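Have a look at the structure first.

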Amino acid sequence: MTYAAGMRVALCQLPVSPDPAVNLDRVREALAGAAERGADLAVFPEATQARFGSDLRAIAEPLDGPFGSGLAQAARGAGVALARIPRPPAPGGRVYNTVVAYDATGAQVAAYRKIHLYDALGEQESAVVAPGSQPVVADLCGIKVGIMTCYDVRFPELARALAVRGAELIVLPAAWATGLFKEEHWVTLVRARAIENTVWVAAACQVPDHSAPPTPAPTGVGRSMMVDPMGTVRADLGPFPGLAVSDLDSALTKQVRAVLPCLENRREDVFGPC
């Protein structure tokens with residue numbers, strides 16, 4: 001595998017409103033801050049279009065609808081690639097929980113539909129959201145980037161499939177719910193996916209929007225993190241809104257994979273290909 005020099009990644013830990021227009025303004029502001037700090041890629045939380053607990057069917061729109069078009073323009077204006085969550089309509093009256101990646105010109109380069117829906121701990125995401133079925137790796141700023149969403153992080157086979165397809169970085173937008181041991185699970189799982197696949201993980205989680213009415217739906221715990229292939233946490237935004245910029249060093253990726261060739265040591269003859 002050949003490695004690019006690296007990438008500067010911005011983690012954008014935002015409060016997410018039920019109002020897409022409010023959220024679009026917040027994304028624009030965060031993108032401007034990311035650009036000022038030299039970021040190549042900005043990663044936003046799950047449900048950036050509108051928080052969970054909103055009427056998802058009512059706000060659903062095509063990927064090139066007003067929200068998506070607004071973000072493409074924002075990426076182009078800031079000169080920063082971005083990954084964010086819209087909700088396009090799906091068959092049967094449901095929507096897709098989708099991450100769309102734009103390059104720095106505002107062109108759409110990838111769209112990933114969340115594969116593992118959060119039907120756990122009293123939630124039933126599948127009642128409103130249709131599942132995707134295809135892992136996605138995209139080329140962003142010269143780096144192979146795999147995409148996962150929130151609950152996907154509990155399924156190591158997806159992260160491994162992305163790494164085998166060449167991902168050096170996995171972006172992980174999330175709206176991680178609060179609860180017993182939940183924050184501990186989040187930190188452990190994000191680091192584990194980085195370690196076992198010798199990849200970088202940029203995990204961007206939302207935080208509650210205290211200016212909006214309360215909701216019992218998941219609104220995030222924060223703790224957006226950038227983790228390197230050895231599992232070192234390079235950035236952790238804690239529980240409050242904020243923006244952190246961290247450098248992905250491809251030389252480190254190469255160095256780690258030389259001494260920990262986990263991907264090369266896979267036993268496809270026993271477990272099959274990913």
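Predicted model: local features only at pLDDT ≥ 70, side-chain atom pairs only at ≥ 80, totals over all residues.

## Cysteines

A residue is buried under 20% relative accessible area, exposed over 50%, and partly exposed in between (1.4 Å probe, protein chains only).

Residues are numbered from 1 along each chain as its sequence is written, and side-chain values use heavy atoms, leaving out hydrogens and water.

Counting disulfides (cysteine sulfur pairs within 2.5 Å) gives zero. For C141, the closest cysteine sulfur sits in C12, 13 Å away, so that's too far for a bond.

Helices (H or I, at least four residues) and strands (E, at least two) are DSSP runs, numbered from the N terminus. Strand β10 (residues 169-174) is largely enclosed by the rest of the structure, because six of its six residues are buried. L169, V171 and P173 point one way, while I170, L172 and A174 point the other.

Strands pair if DSSP finds at least two bridges between them. β10 runs parallel to β9, with three bridges, and parallel to β11 (residues 200-205), with six. I170 has bridge partners on both sides: G146 and, in β11, V201.
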